[in-house]
Amino acid sequence: MKIVADENIPLLHECFGSLAEVVALQGRDITAGDIIDADALLVRSVTKVNRALLSQASSLRFVGSCTAGVDHIDQQELNGRGISFSNAPGCNARSVVEYVLCALDILADRDGFELEKRKVGIVGHGQVGSRLYQTLDGLGVEVMACDPLCERVPDVRFESLETLIQQCDVIALHTPLTRNVEYPTHHLLDYDKLSQIKSGAILINAGRGPVIDNQALLRVLEEGLDISVVLDVWEHEPDVNLDLLARVDIGTPHIAGYSLDGKITGTEMVYKGLCQTFGLPARVRLAAITPMPALNRIAFNDSATAAQAAGMAMKSVYDLRRDDALMRRLFRMDQEARCIEFDRMRKHYCERREFSTLTVQARKCEAGVQERMKALGFHLQVS
Ligand SMILES: NC(=O)C1=CN([C@@H]2O[C@H](COP(=O)(O)OP(=O)(O)OC[C@H]3O[C@@H](n4cnc5c(N)ncnc54)[C@H](O)[C@@H]3O)[C@@H](O)[C@H]2O)C=CC1
Ligand SMILES: O=C(O)C(=O)[C@H](O)COP(=O)(O)O
C-alpha cells in the first residue's frame with residue numbers, strides 16, 4: 001500500500017509506517033501527479049482535495065484529513081469516485097477553547113475587567129462552541145449561543161446573531177466555512193454586522209478567516225469602531241493583511257487548535273478511519289507514545305485568589321502573548337517571505353499541551369480557587 005501524506009501530520013511514520021510506504025510531502029504542494037498510484041491520501045487543512053487533485057488518482061480508496069474543518073475537501077467528488085473519507089471531528093476542540101480562554105485572560109489583565117461580568121456570545125454550538133459554552137457557564141459567565149442548525153437543548157440559551165451582536169461584550173466565532181447552503185457562513189460578519197458590535201466588545205475568530213469579511217473589518221477599525229479583536233484565522237492565508245494585523249489586539253497564525261494533544265488525536269482518528277477502510281487492525285496506541293508534558297504540576301498556597309491562580313495556571317500552560325509576538329515579525333518581511341514564515345511558524349509550533357495535562361494542587365486553597373481550576377479543565381488535586 002502507498003500513502004501520500006502531509007509532512008506536518010504528527011507521528012505520521014509511527015502511526016502509518018508499519019502499514020504502508022509513506023511518502024511525506026508539503027501539504028500545500030501535493031499535486032495530482034503525486035497521488036497517481038497512491039492508495040490513501042492524508043492531509044491537513046492546506047491541501048485542497050478537489051476534482052483537479054483527484055483527476056488521475058485511479059488507485060485511491062481513502063482520504064483522511066486530520067482536522068476538524070472540512071472546507072478544503074470536496075466530499076461530493078470523493079463520494080462520486082467511491083473514495084472513503086474520514087476527518088477528526090472534535091480532535092482539537094479543547095485546544096481552541098483554551099486558546100479563547102487564554103486570549104480573554106490576557107485582555108482581562110490588560111484592560112482590567114473581570115470575565116465573570118461580561119456577556120459572551122458564541123456563534124456555532126458544535127464541538128468547540130458547546131465546550132466553550134459549558135466552560136464559561138461553569139465559570140459563572142453569562143453565555144448565549146447562536147446556531148440555527150443545532151438541536152435546541154434546555155440548558156443552553158440560544159439567540160439570534162443579531163441579539164448576540166447587540167448584547168454581547170465578547171463574540172466568539174466557531175462555525176465552519178460554508179457557501180451555498182441554507183445558513184452560509186462566508187462573510188457572516190460583513191460591514192453592516194461588524195458596525196453594530198457594541199463599543200468596547202471583544203471579537204474573536206478562531207474558526208475560519210473568511211467567516212469575517214476582513215476588508216470590512218479593517219474598514220470599521222479604521223473608521224474608529226472601538227472593539228478589541230483576536231484573530232487566529234485570516235482571509236487568504238498564508239497571505240496575512242498587514243494593515244489588519246496592525247490593528248488587531250491579538251494575532252496568531254492559525255494555531256488555536258495546535259495543542260499537541262489535539263493534533264495527535266487528529267492523527268489517531270484518521271488512522272482508525274484508514275484501518276477500517278482497508279480492513280486492518282488498528283494496533284498503534286498513540287497515547288502510549290505521546291510525550292510527557294514539560295510541566296505537569298503546579299501548587300498554590302492558601303494566599304492565592306481564584307482569579308490570580310487561574311491566570312497563573314493558564315499562562316504556565318500556554319502563554320498566547322508569545323504567539324502574538326512571533327506573528328508580528330511578519331511586519332519585517334516582504335509578501336513572499338511572510339507567506340513562508342506563516343507556514344514555518346505553524347510547522348515548527350511549540351509543544352503546547354492542554355490544561356488537563358497539568359495537575360493543580362490547591363489543597364489549602366479556598367473553595368473558589370478549586371472550583372475555578374476544575375471549571376477550566378485542569379486536573380485538580382485537593383487531598
Ligand atoms: N483555528 C483553529 O485552529 C481551528 C479552527 N477550527 C474551525 O472551527 C470550526 C468549528 O469547529 P468545530 O466546533 O469542531 O466544528 P463543528 O462542526 O462541531 O461545529 C460547528 C457548528 O457551527 C454551526 N453552524 C454552521 N453554520 C452556522 C451558521 N451560519 N451560524 C451559526 N452556526 C453555524 C453548526 O451547526 C455546528 O454546530 C471548524 O469547522 C473549523 O473550520 C476547528 C478547529 C481548530
Ligand atoms: O482542525 C481544523 O479545522 C484546523 O483548523 C486545524 O487546526 C488546522 O491545522 P492545519 O491542518 O492547517 O495544520
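Student: Why does H254 count as buried?

Tutor: A residue is buried if 20 or more other C-beta atoms lie within 10 Å of its own, exposed if 12 or fewer, and partly exposed in between, with C-beta atoms placed from the backbone. H254 has 22 C-beta neighbours inside 10 Å, so H254 counts as buried. A word on the source: this is a predicted model, where local features need pLDDT of at least 70, side-chain atom pairs count only at pLDDT 80 or more, and totals for chains, interfaces and linings use all residues. Residues are numbered from 1 along each chain as its sequence is written, while chains are lettered from A and ligands numbered from 1 in the order in which they are written.

Student: What makes the phi of H254 worth a remark?

Tutor: Phi of H254 is near 55°, a positive value in a residue other than glycine. H254 sits in the loop between β11 (250-251) and α10 (260-278). Helices (H or I, at least four residues) and strands (E, at least two) are DSSP runs, numbered from the N terminus.

Student: Is N180 buried or exposed, and how do you know?

Tutor: N180 has 6 other C-beta atoms within 10 Å, so it is exposed. N180 also has a positive phi, about 55°, although it is not a glycine. Its loop lies between β8 (170-173) and α7 (191-195).

Student: Which residues come nearest to ligand 1?

Tutor: Of the 35 residues around ligand 1, they are G69, G124, G126, P176 and G257. The elements that give two or more residues to that shell are α4 (93-111) and α5 (127-138). The largest share, three residues, comes from α5. By class, the shell holds 17 nonpolar, 15 polar and three charged residues.

Student: How do you know that the span of α4 is close to the expected one?

Tutor: The expected span of a helix is 1.5 Å times one less than its number of residues. α4 has 19 residues and reaches 27 Å from first C-alpha to last, close to the 27 Å expected.

Student: Why is α4 called mostly covered?

Tutor: Of its 19 residues, 15 are buried. After α4 comes G112, with a positive phi near 70°.

Student: What makes β12 and β14 edge strands?

Tutor: Two strands pair if DSSP finds at least two bridges between them. The open sheet of three strands has the order β12-β13-β14, with parallel pairing. β12 (297-299) and β14 (379-381) each have a single partner strand, so one side of each is left without a neighbour in the sheet.

Student: How many bridges join β13 to β14?

Tutor: Three bridges join β13 (residues 359-361) to β14, and the two run parallel. Q361 stands opposite Q381 in β14.

Student: Where is the cis peptide bond of P238?

Tutor: The bond runs from E237 to P238, with omega near 5°. P238 is in the loop between β10 (228-231) and α9 (242-247).

Key
Near = placed C-beta within 6 Å. Nonpolar A, V, L, I, M, F, W, Y, C, P; charged D, E, K, R; others polar.
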